[in-house]
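The following briefing is meant to be read alongside the sequence and the model. It moves from helices to a loop residue and then to aromatic rings.

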Amino acid sequence: MMRVMMTPFRFPRLALPLVALALALAGCVSAPPAQSGLGPDRGSAPVIYRIDPADTAHIQFRMLDSVNALRATAGAPPLALSAELTAAAATHARDMAMQNRPWHFGSDGSSPIDRARAAGYRGGVLGEAISETYESELETIAAWMGRADTRAVIVDPLARDLGMAFFQEPSGKIWWTLVVGDGVTTPPS
């Protein structure tokens with residue numbers, strides 16, 4: 001028969017104070033936030049989409065192609081990129097950033113119609129879609145298509161011209177503006 005002898009384990013004299021010190025210090029360390037990956041509004045932290053200014057024309061034509069594909073699905077005619085509406089959109093995108101709010105009126109009180117006229121557009125403005133986001137142009141179009149009011153602007157069957165521009169802040173926030181016009185030339189007043 002085999003006999004097993006058990007002896008009690010004893011901490012060395014210094015072990016007990018070291019364990020107590022370790023436990024005390026552990027209480028002083030702040031744990032990482034339980035909700036990491038969240039932005040200041042408790043929503044998902046934005047993923048910044050950086051735009052190289054050299055890609056501006058590429059982005060504008062990619063957006064035009066995407067809008068025209070959506071319009072074809074809706075049975076609407078394709079749009080042409082309008083330099084005048086694009087200039088009006090660029091003015092508004094930068095102005096919204098300066099005002100730090102997405103809305104359809106300029107800091108000078110101008111409307112989309114006023115901005116289009118000031119840029120030399122001779123047709124009628126049918127609508128404007130705006131956005132304040134960290135998302136790409138394709139994600140922005142998808143978001144616009146998810147709302148009845150902005151979807152109506154994009155697929156308006158009377159539209160013939162498109163202006164599209166953006167302004168990106170150093171923080172990465174992008175202000176998008178899309179303007180559609182009817183392409184009907186009106187004599188200057």
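Helix α3 has as its buried residues Leu 85, Thr 86, Ala 88, Ala 89, His 92, Ala 93, Asp 95, Met 96 and Ala 97, where buried means under 20% relative accessible area, exposed over 50% and partly exposed in between (1.4 Å probe, protein chains only). This is a predicted model, in which local features need pLDDT of at least 70 and side-chain atom pairs count only at pLDDT 80 or more, while totals for chains, interfaces and linings use all residues. Residues are numbered from 1 along each chain as its sequence is written, and side-chain values use heavy atoms, with hydrogens and water left out.

**Helices**
- Helices (H or I, at least four residues) and strands (E, at least two) are DSSP runs, numbered from the N terminus.
- The 17 residues of helix α3 (residues 83–99) should span 24 Å at 1.5 Å a residue, which agrees with end C-alpha atoms that are 24 Å apart; the expected span is 1.5 Å times one less than the number of residues.
- The cover over the buried residues of α3 includes α2 (56–73), β1 (80–81), α4 (112–118), β2 (125–133), β3 (161–168) and β4 (174–181), with contact meaning heavy atoms within 4.5 Å.
- In helix α5 (residues 137–145), the buried residues are Glu 137, Thr 140, Ile 141, Trp 144 and Met 145.
- Seen down the axis of α5, these buried residues fall within an arc of 140°, so they line one face of the helix; the arc is taken from the directions from the helix axis to the C-beta atoms.

**Loop residues**
- Asn 100, in the loop between α3 and α4, has a positive phi near 60° although the residue is other than glycine.
- Lys 173, in the loop between β3 and β4, counts as buried at 13% relative accessibility, and the residues that Lys 173 touches include Asn 100 and Phe 167.

**Aromatic rings**
- The structure holds 2 aromatic pairs, defined by rings of Phe, Tyr and Trp (its six-membered ring) with centres within 6.5 Å, where planes under 30 degrees apart count as stacked, over 60 as edge-to-face and the rest as tilted.
- The rings of Trp 103 and Phe 105 have centres 5.6 Å apart and planes at 65°, so this pair is edge-to-face.
- The rings of Phe 166 and Trp 176 have centres 5.2 Å apart and planes at 55°, so this pair is tilted.
- This pair links distant parts of the chain, with Phe 166 in strand β3 and Trp 176 in strand β4, 10 residues apart, and both residues are buried.

Notes: Lists of a residue's contacts leave out its neighbours within four places in sequence.
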